[in-house]
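Student: I have a model open and keep meeting labels I would like to understand. Could we work through a few of them together?

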2 protein chains.
Amino acid sequence: MQLLEAKKQFVQAWGALGSQWGINKTMAQIHALMMVSTEPLSTEEIMEELSISRGNANMNIRELTDWGLVTKVFKAGERRDYFVGEKEVWKIAKQVAKIRKTRELDPILKLLEQLKTVNAHIKNDELKHFQKMVNDVHKLAVNVDRLIESIFKAEESWFWDKILKIFTK
Amino acid sequence: MQLLEAKKQFVQAWGALGSQWGINKTMAQIHALMMVSTEPLSTEEIMEELSISRGNANMNIRELTDWGLVTKVFKAGERRDYFVGEKEVWKIAKQVAKIRKTRELDPILKLLEQLKTVNAHIKNDELKHFQKMVNDVHKLAVNVDRLIESIFKAEESWFWDKILKIFTK
DNA sequence: TATTGCTTTCAGTATTTTTTGAAAGTATAA
DNA sequence: TTATACTTTCAAAAAATACTGAAAGCAATA
């Protein structure tokens with residue numbers, strides 16, 4: 001396979017994966033483009049490469065910047081903005097985990113804790129079951145939360161080494 | 001908080017969480033409804049509870065059945081179909097992981113393996129960088145794959161016990 | 001200060017996804 | 001066999017989401 005074709009497929013696949021996980025396709029594609037590019041890219045180049053409008057490119061670059069996956073860089077003599085994507089895959093994974101944890105897991109945890117205070121005059125089966133359910137979900141969420149917290153601190157090879165050793169022992 | 005209100009919030013939150021992770025909101029809500037319900041539910045009851053159409057209810061119940069999260073049950077004397085949701089949270093998590101791994105992770109792995117065969121006449125930096133990138137992503141994907149495989153086999157408390165021990169040592 | 005080159009915004013439009021509801025399908029019972 | 005009770009399907013409608021492009025903003029230089 002040729003490099004150009006391979007890049008195209010990588011960008012496509014990244015976009016599709018994004019969609020399936022609630023991330024804007026274009027945002028994921030721009031990210032993929034930046035991952036495989038050695039040079040900083042301008043908005044113009046991204047528009048060109050993905051056949052998208054200026055507005056679309058701009059908004060998604062900003063979103064990626066907000067996620068901490070893309071940084072603005074200045075090129076000597078050049079007036080226009082250039083952007084580089086984080087290249088370290090483990091850092092990318094950690095960053096995505098961090099953002100999504102804050103935005104999605106934390107609020108759910110908060111709600112579950114509230115729901116644990118649910119009460120009723122008559123202690124019937126429905127109530128008991130609801131309480132158990134919420135408790136179980138909460139336990140799982142807390143564990144996932146802890147796991148993610150640990151990931152933040154961990155160095156990649158150490159992390160996988162430890163994790164996978166558990167299951168082969 | 002009262003039980004009815006708590007249930008409503010739980011269903012709402014589950015739906016929102018689903019949306020954010022590429023799962024149809026209604027599907028997630030039906031699932032939540034079934035998680036907290038002690039009794040089997042009919043299509044009628046689900047329609048009523050969530051204010052959705054028959055078609056919508058039917059299609060999403062089927063989807064949940066395909067995911068292995070909901071089972072059809074027969075009520076003695078009753079003609080209509082009733083459904084029960086899997087109640088064990090760990091089983092639900094495993095099942096979701098299994099389905100999404102097959103549908104999403106496996107194809108990505110396959111593509112990454114293909115992309116590793118990329119070649120070019122001139123061995124320039126762009127090529128080298130692409131190869132490294134694909135390799136790194138592939139490594140991560142393989143590790144995630146292994147982790148999920150391990151989850152399938154693991155019993156919940158054992159799993160978390162082992163995992164969390166690593167990080168407190 | 002005016003011009004130029006570039007960035008940002010956002011109302012309107014297009015696309016994608018989800019939902020509806022009525023008709024067709026199926027199975028049980030009369 | 002026909003009626004009844006229920007389920008499934010799917011074309012069309014609605015809703016949600018993403019994208020465009022032109023106008024407004026901003027900052028560097030002439």
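Tutor: Gladly! Keep in mind that this is a predicted model. Let's begin with Leu41(A), which stands opposite Phe83(A) in β3(A).

Student: What makes β1(A) and β3(A) a pair?

Tutor: Pairing requires at least two bridges between the strands. β1(A) and β3(A), residues 82-85, are joined over two bridges in the antiparallel sense, so they meet that requirement.

Student: Why are β1 and β2 of chain A said to stand at the edges?

Tutor: The open sheet has three strands in the order β1-β3-β2 (chain A), paired antiparallel. β1 (41-42) and β2 (70-73) each have a single partner strand, so one side of each is left without a neighbour in the sheet.

Student: Now the DNA. How do you know that Asn24(A) makes a polar contact with DNA strand D?

Tutor: The cut-off for a pair of N or O atoms is 3.5 Å.

Student: What about Ser53(A) and Asn56(A), and which part of each residue is involved?

Tutor: For Ser53(A), a backbone N or O atom lies 2.7 Å from a phosphate oxygen of DNA strand D. For Asn56(A), a side-chain N or O atom is 3.2 Å from a phosphate oxygen.

Student: Which element supplies the largest share of the surface near DNA strand D?

Tutor: That is α4(B), with five residues. The residues of this surface divide into two nonpolar, nine polar and six charged.

Notes:
Residues numbered from 1 in each chain as written. Chains lettered and ligands numbered in written order. Predicted model: local features only at pLDDT ≥ 70, side-chain atom pairs only at ≥ 80, totals over all residues. Heavy atoms only, no water. Polar contact = N/O pair within 3.5 Å; in protein donor to acceptor, adjacent residues only side chain to side chain. Helix = DSSP H or I, 4+ residues; strand = E, 2+ residues; numbered from the N terminus. Nonpolar A, V, L, I, M, F, W, Y, C, P; charged D, E, K, R; others polar.
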